[in-house]
Amino acid sequence: MKKGDHLFLVDGSGYIFRAYHALPPLTRKSDGLPVGAVSGFCNMLWKLMQNARDTDVGVTPTHFAVIFDYSSHTFRNDLYPEYKANRSAPPEDLIPQFGLIRHATKAFDLPCIEMEGFEADDLIATYARLAHEAGGDTTIISSDKDLMQLVGPTVSMYDPMKDKEIKVPEVIEKWGVPPEKMIDLQALMGDSVDNIPGVPGIGQKTAAQLLEEFGDLDTLLARADEIKQNKRRETLIENREKALMSRELVRLMNDVPDVDALDTLVLQPPNGPKLISFLKTMEFTTLTRRVAEASGTEAAEIEPAHVDVQWGADAHGPDLTAAPVSDPEAASSGDVAPTPEAREAQNTPAALAAARLAEAVAGKVDTTAYTCIRDIATLRAWIEEAREEGVVAFDTETTSLDPMQAELCGFSLAIRPGRAAYVPLIHKSGAGDLLGGGQIEGQIPAREALAALKPLMEDRSVLKIAQNLKYDLVMMHRHGIDVAPYDDTMLISYVLDAGVFGGHGMDALSERWLGHTPIAFKDVCGSGKSLITFDLVDLEKATTYAAEDADVTLRLWRVLKPRLVEKGLVSVYERLERPLVPVLARMEQRGISVDRQILSRLSGDLAQGAAALEDEIYQLAGERFTIGSPKQLGDILFGRMGLPGGSKTKTGQWSTSAQVLEDLAAEGHELPRKIVDWRQLTKLKSTYTDALPGYIHPETKRVHTSYALAATTTGRLSSSEPNLQNIPVRTAEGRKIRTAFIAEPGNLLISADYSQIELRVLAHVADIPQLRQAFADGVDIHAMTASEMFSVPVEGMPGEVRRRAKAINFGIIYGISAFGLANQLSIPREEAGSYIKKYFERFPGIRDYMEATKAFARENGYVETIFGRRAHYPEIRSPNPSIRAFNERASINAPIQGSAADIIRRAMVRMEGALEKAGLENTRMLLQVHDELIFEAPEGEVERAIPVIRDVMENAAMPALSMKVPLHVDARAAHNWDEAH
DNA sequence: ACAGAAGCTTA
DNA sequence: GTAAGCTTCTGTT
């Protein structure tokens with residue numbers, strides 16, 4: 001090697017993990033072999049070998065090698081046995097790819113370097129040093145922070161997935177320190193992935209700041225006593241050794257003995273036939289073609305190679321990844337060949353889904369290409385273009401997350417990927433203006449723009465697409481626009497992937513499916529104190545952000561919609577998700593009336609009660625302290641007063657949970673009892689009586705909750721701001737809160753709730769004769785269970801016996817464990833275990849159901865409700881027994897909880913139509929609490945409304961499904977929620 | 001200003 | 001033992 005030569009070192013082990021997690025995990029060869037990471041790897045190698053000059057690196061390599069980890073044991077383990085000890089096994093479908101990547105490297109005729117006892121990083125450090133000494137430059141193909149310590153004048157790094165070169169300034173930007181201080185930085189901050197301890201409590205930010213101040217780790221440790229922050233100074237002094245040892249772990253060894261000479265790494269022109277043979281085996285058609293063209297080889301004449309693959313333990317088993325694609329067309333890079341069968345079936349849903357994915361990943365989002373529409377003629381032209389296209393994604397930009405309070409700042413449209421625009425309506429110039437900034441010139445008057453938009457939004461022949469449509473629906477409705485027809489990308493994702501990593505927000509979906517990170521809201525509007533409303537954002541920035549949202553939404557829709565068909569989930573989306581959006585939007589807009597006076601009076605009562613208890617508590621404790629601090633309370637109870645401490649929390653604190661305090665109270669201690677009472681009162685006050693009035697809308701004078709459709713794994717809704725699904729009911733004190741939820745004068749609240757819906761669903765799905773009979777006869781289900789289990793007649797049954805049976809019934813629904821049941825009933829685990837055994841003897845069908853459900857979940861990675869909704873549990877095959885058991889219980893629960901959720905969703909979708917048909921125009925659905933619906937109705941409609949409501953709810957499963965067990969609904973009306981319930 | 005732990009409310 | 005959301009305290013920025 002000589003001056004001017006350029007060595008490329010690929011971190012092969014790092015690349016495979018990165019590619020696996022970054023690329024949509026779906027690429028498979030036609031025989032099912034997962035090859036996504038291999039595909040990415042081959043593309044990357046080819047690109048760098050052929051035209052590295054066109055990448056961000058901008059130079060052509062003369063020397064090239066791929067470096068791998070040899071095994072997990074290295075000299076670092078001798079230094080620190082815990083090093084990388086908490087690494088879990090790689091994902092199953094990644095395992096066969098390790099071997100394939102080495103095969104790929106050899107097929108490219110590249111040196112494949114690994115050495116026992118050393119990590120790839122050490123070899124990379126060694127070669128980089130040798131190249132430097134020979135006068136050459138080095139580019140390390142990796143973005144791993146562990147390698148950044150090597151960056152310098154002759155050494156840079158390159159992130160092939162972002163096409164970004166990492167040099168000294170990039171390291172400083174990312175970590176706040178120059179490369180030569182990376183070792184000290186990592187020594188301080190540690191690394192949970194590699195199990196490097198670092199100094200507890202010191203993170204990246206603090207570490208960089210300390211190094212900035214003191215220069216390096218040795219100086220820092222020597223002068224640690226100068227640190228002002230008490231806590232920080234002490235932990236640094238205390239953890240000195242840990243820091244020094246961590247430094248040795250992160251320091252790379254740049255003198256690994258007996259490495260190959262640099263001259264053996266000279267880049268050779270690729271051996272076309274050999275490489276093509278391998279690529280054909282992998283079914284990477286696009287790359288095969290490119291290589292054939294570049295090397296002048298006739299690909300058709302070359303046979304696929306025989307490649308020995310190390311299959312994982314169960315590589316033919318199920319694919320537990322986000323979206324397993326059976327069709328091999330589904331290459332992330334468009335690089336996996338269609339089998340002949342697939343080619344013939346180009347019109348299949350799977351082929352379309354795969355093609356759309358390939359298109360999405362290939363297409364780059366260009367945020368500089370968007371239009372800002374500032375005159376009505378241009379807007380009309382865009383609207384006409386959208387009408388011709390028949391599909392348009394839109395998004396509203398507003399001043400608030402609450403659509404009831406928000407003001408519309410503008411809206412964006414996307415017609416095709418990349419063709420997107422923003423229409424500002426009321427943007428104002430920012431601060432600096434004495435008059436607070438006036439309206440920016442050159443915006444279409446809002447009324448005029450919305451009048452032009454309305455026909456498009458309401459055009460039955462144009463599909464409108466939004467992400468989290470409910471918000472935009474409310475916004476548009478407030479401006480007199482009723483959007484239809486529509487699709488919601490968030491809901492499509494939810495139907496496809498409930499329970500799969502990440503949420504269903506746009507940013508997460510964009511990362512996952514498009515490989516694109518959209519501009520963060522906080523980068524546009526700031527956060528915290530510097531937060532500004534969207535109407536104050538300048539038009540250029542606003543256009544980039546808003547149009548990108550519409551663009552990304554459209555691209556996501558193109559990827560996701562075909563997958564619904566492919567997975568057979570169209571009817572779940574069409575019947576349980578999409579039609580619920582306007583229903584919930586209306587419920588949110590209606591809100592419910594809450595009586596301020598009642599809450600205010602309750603708040604006063606609670607304050608008095610709590611104050612009285614506080615005095616008594618200080619008396620008993622002998623000192624004043626913060627009662628609400630579990631830490632201080634624990635110290636007093638179990639430290640100073642020496643009470644027998646029960647359990648510890650996971651951070652090592654004494655637990656002061658209600659259970660622990662109740663146990664102490666039962667032994668006759670006065671203080672714990674008072675604490676429990678105090679907590680109840682302060683909880684009611686702070687969470688309900690004090691907080692609820694703040695949610696009363698200034699204009700409607702009602703409380704408008706927000707329902708999330710895509711928040712749970714099982715299909716339940718969730719409610720927030722405020723959460724009206726956890727209003728107290730169990731204690732008399734708590735129930736008083738419900739008296740504040742009232743009907744308008746002349747109206748009543750109707751509460752209709754399903755009786756035992758989850759046990760009924762269980763009786764249906766597990767088909768248990770005794771349960772079916774009991775529900776058909778309308779007998780007390782818990783008493784019946786007790787009677788079966790303990791051979792006691794139902795008449796004259798002691799309350800305790802029924803209570804235990806009830807706990808077991810609930811336990812079954814939750815995926816019972818002896819541990820949990822024992823806790824619930826405060827009985828020994830053995831006794832709980834014998835109850836469960838007894839239960840399964842009496843109801844063997846339930847055990848069969850549970851085992852079958854677990855097996856299904858293990859096999860498929862998800863479970864299904866009776867209407868076909870899927871809940872994913874990707875961790876059900878975790879090697880960690882407690883994670884696995886947790887996922888098994890959740891898998892047992894999800895079909896039951898989820899089926900009940902589906903049933904009430906169906907009822908809600910039909911409810912408004914049924915009420916209208918019955919002439920009950922003023923009976924309005926207000927709230928949903930999982931198995932209960934709350935309505936408000938004029939007194940004159942209540943009598944007629946109740947049978948209609950009951951009928952819709954009890955027959956909600958029909959006609960899709962005929963339940964083997966009748967559904968039963970209790971309904972009553974009153975002036976407030978407490979009495980109606 | 002924010003994040004995590006602990007605790008508590010519901011179905 | 002399932003599924004959620006909110007408040008307080010505590011430590012950190």
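A crossing of two helices is left-handed if the near helix is turned anticlockwise from the far one by less than a right angle. The views below come from a predicted model.

**View 1. Helix 19 crosses helix 20 in a left-handed way.** Helix 19 spans residues 489-497, and helix 20 spans residues 506-514. Their axes come within 11 Å and cross at roughly 65°. From helix 19, Thr489, Ser493 and Asp497 take part in the contact. They meet Leu509, Arg512 and Trp513 of helix 20. By class, this contact has two nonpolar, two polar and two charged residues.

View 2. Strand 5 (residues 155-159) and strand 6 run antiparallel, joined by three bridges. Tyrosine 158 stands opposite glutamate 165 of strand 6.

View 3. Of the DNA strand C atoms within 4 Å of the protein, 75% belong to sugar or phosphate. The rest belong to bases.

**View 4. Polar atoms of the protein approach bases and a phosphate of DNA strand C.** A polar side-chain atom of arginine 716 lies 3.5 Å from a base nitrogen. An N or O atom in the side chain of glutamine 824 is also 3.5 Å from a base nitrogen. A polar backbone atom of glutamate 721 is 2.8 Å from a phosphate oxygen. Elements giving two or more residues to the surface near DNA strand C include helix 10 (230-238), strand 16 (718-720) and helix 34 (818-825).

Definitions and conventions: Residues numbered from 1 in each chain as written. Chains lettered and ligands numbered in written order. Predicted model: local features only at pLDDT ≥ 70, side-chain atom pairs only at ≥ 80, totals over all residues. Heavy atoms only, no water. Axes fitted to C-alpha atoms, helices over the stretch in contact; angles between N-to-C directions. Helix = DSSP H or I, 4+ residues; strand = E, 2+ residues; numbered from the N terminus. Contact = heavy atoms within 4.5 Å. Nonpolar A, V, L, I, M, F, W, Y, C, P; charged D, E, K, R; others polar. Pairing = 2+ DSSP bridges. Near = heavy atom within 4 Å. Polar contact = N/O pair within 3.5 Å; in protein donor to acceptor, adjacent residues only side chain to side chain.
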